[in-house]
Amino acid sequence: MTFDRRDILRAATLGGAGWLAGCTAGPLAPKRAPQMAFPGVLPKIGTTPASASDPLMDDIQRRTVSYFWNTTDQVTGLAPDRWPTPSFASIAAVGFALTTYPIAATRGWITRAAAAQRTLATLRFFANAPQGPDKEGMSGYKGFFYHFLGVTKGHRFAKTELSTIDTALLLGGVLFAQTWFDDEADPAEREIRALADQLYRAVEWDWITPRKPFVSMGWHPESGFIGSDWNIYNESLILYVLALGSPTHALPPTTWDAWTAKFDPSWDEKYDDPFTAFPPLFGHQYSQVWIDFRGLMDTYSKRRGFGYFENSRRATYAQRRYAINNPGRWRGYGENVWGLTACDGPGNFVREIDGINREFFSYSARGPGDRDDGTIAPTAALGSVAFAPEIVLPAARAMYSTYGTAIYDRYGFRDSFNPTLTRSDVKLQHGKVVPYIGWVADDFLGIDQGPIACMIENWRSGLIWKTMQKNPYIRAGLERAGFAGGWLSAR
């Protein structure tokens with residue numbers, strides 16, 4: 001599974017003396033990038049029904065968007081994996097960052113010109129980054145990029161893998177930028193579109209299928225293809241849409257049905273409505289940041305009677321039901337405090353709490369009954385706001401009002417918290433124990449901030465979805481997969 005390798009990588013000592021080390025200002029940006037303002041006064045909790053004008057959601061979105069603007073390198077566009085802990089860069093976080101710049105411009109938090117400048121710097125960096133089979137000094141190979149990049153030169157960090165899914169998430173942001181920056185008279189926007197096209201066309205999807213028709217999870221120059229494929233239901237919806245839509249290295253259309261034929265073992269009937277399960281909620285959220293699956297039906301969806309958007313709505317409700325039932329008797333779980341996904345955790349150890357030997361984990365992919373250690377990630381609920389705002393808004397208010405500034409800060413909600421772990425006699429790998437609150441993460445993580453900022457916008461205005469509906473590559477990928485209905489029916 002994807003989270004196995006991430007557990008190992010994130011458990012490693014973080015490299016670099018600071019994520020800005022070695023960077024010099026270039027012609028696209030001033031020596032010091034302007035910081036995006038974030039609200040200094042915390043919002044009052046209201047009782048606004050699910051709507052796009054909720055004051056708390058407005059505040060959360062502005063803070064999470066400003067995270068990407070303020071922490072991303074102004075010259076390279078590289079986004080840190082986490083902040084404030086010094087960190088390598090994450091190419092998936094770059095994909096989310098690219099998506100937030102038009103959101104900020106649309107909301108009036110930055111100018112369109114500033115958004116274009118930062119986007120162009122990012123795409124120029126990736127278009128010019130070295131590609132090749134060498135173990136060192138490369139940023140990618142065959143159009144794919146390494147999962148983590150060093151922040152000084154943007155080359156492969158340590159021995160991370162050439163990542164197919166993280167490249168796909170990067171490309172989600174790249175293609176969104178290509179479509180949103182549509183001013184024909186602006187040279188910067190014309191170059192953004194050209195570079196985005198160059199990056200997408202360069203990806204050799206048909207190379208990284210050693211066990212056809214499935215895409216391998218990645219490749220190492222030391223050992224070749226990773227032995228695991230994207231062959232179950234998970235976050236790789238966008239990966240296969242992009243692979244099918246490629247004008248240069250497309251996979252055959254039969255790939256999609258071969259992949260979805262593997263979904264039946266994930267069918268879950270434990271909760272109120274059955275659905276195709278993937279325990280951590282990120283698996284339901286990442287692809288739908290960029291692709292509007294409402295009303296779209298493929299062969300698998302027709303057989304099940306509902307599409308992937310509805311499937312994610314059911315998965316969101318199932319997590320809430322799990323928290324209400326709370327079979328593990330974790331503190332804090334309930335109707336409005338819930339959410340399990342990949343996130344930071346306190347560390348890998350066992351402690352007796354409430355007469356029970358509790359096992360805790362460091363960074364890990366958590367889900368109902370799957371490595372659940374009482375650690376709640378606000379991104380799990382908030383990244384599902386477009387699926388089920390009627391239960392996500394109360395969750396956001398409850399977490400905010402119950403735990404306050406212990407978990408809510410400059411860039412919104414910290415990555416995670418654990419009300420069960422109140423003991424201070426433990427050696428923590430991340431975060432700290434806050435009196436009367438429990439364990440709280442120190443960091444904000446780019447791949448967890450991204451779904452919050454972007455899915456709030458999809459809930460508020462549908463900006464990302466509507467923009468991506470205009471992208472010919474997304475349409476081509478969906479149509480080759482056999483999708484019909486929804487926005488595909490309207491030309």
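## Strand pairing and the three-stranded sheet

Two strands are taken to pair if DSSP finds at least two bridges between them. In this predicted model, three strands form an open sheet in the order β17-β19-β18, and their pairing is antiparallel. The edges of that sheet are β17 (417-418) and β18 (432-434), each of which pairs on one side only. Between β17 and β19 (residues 438-440), which run antiparallel, there are two bridges, and Phe-417 has Val-440 as its bridge partner in β19.

## Overall composition

The chain contains 16 helices and 20 strands, and of its 491 residues 62% are buried. Among the contacts in the chain with a separation of 6 or more, 69% are accounted for by residues 24 or more positions apart.

## The five-stranded sheet

A further open sheet is formed by five strands in the order β3-β4-β6-β7-β8, again with antiparallel pairing. Because β3 (140-141) and β8 (224-225) stand at the edges, each with a single partner strand, one side of each is left without a neighbour in the sheet.

Within this sheet, strand β4 (residues 144-146) is joined to strand β6 (residues 162-163) by two bridges, the two strands running antiparallel. Phe-145 stands opposite Ser-163 in β6.

## The β12-β13 hairpin

Strand β12 (residues 349-353) and strand β13 (residues 356-360) run antiparallel and are joined by five bridges, with Val-350 standing opposite Glu-359 in β13. Two residues lie between the strands of this hairpin, in which Asp-354 takes a positive phi near 55°.

## Helix α2 and its packing partners

Two packed helices are described by the angle between their axes and the distance between the axes. For helix α2 (residues 55-71) and helix α3 (residues 91-106), the axes come within 9 Å and cross at roughly 120°. Angles of 65 to 115 degrees count as roughly perpendicular, and those over 145 as roughly antiparallel; α2 and α3 are therefore oblique to each other. Their crossing is left-handed. On the α2 side the contact involves Gln-61, Val-65, Phe-68 and Trp-69, which meet Ala-93, Phe-96, Ala-97, Thr-100, Tyr-101, Ile-103 and Ala-104 in α3. By class, the residues of this contact comprise nine nonpolar, two polar and no charged ones.

The axes of α2 and helix α13 (residues 389-403) come within 10 Å and cross at roughly 75°, so these two helices are roughly perpendicular to each other. Leu-56, Met-57 and Ile-60 of α2 make this contact with Leu-393, Ala-396, Arg-397 and Tyr-400 of α13. The residues of the contact of α2 with α13 divide into six nonpolar, no polar and one charged.

The loop between β8 and α7 (237-245) holds Asn-231. With buried meaning under 20% relative accessible area and exposed meaning over 50%, Asn-231 is partly exposed, because its relative accessible area is 29%.

Leaving aside residues up to four places away in sequence, Asn-231 touches Phe-214, Trp-259 and Lys-262. Asn-231 and Pro-213 are 18 residues apart in sequence, and their C-alpha atoms are 9.4 Å apart in space.

Notes:
Residues numbered from 1 in each chain as written. Predicted model: local features only at pLDDT ≥ 70, side-chain atom pairs only at ≥ 80, totals over all residues. Heavy atoms only, no water. Helix = DSSP H or I, 4+ residues; strand = E, 2+ residues; numbered from the N terminus. Axes fitted to C-alpha atoms, helices over the stretch in contact; angles between N-to-C directions. Parallel < 35°, antiparallel > 145°, perpendicular 65-115°, else oblique. Left-handed = near helix turned anticlockwise from the far one by under 90°. Contact = heavy atoms within 4.5 Å. Nonpolar A, V, L, I, M, F, W, Y, C, P; charged D, E, K, R; others polar. Buried < 20%, exposed > 50% of the residue type's maximum accessible area, 1.4 Å probe, protein only.
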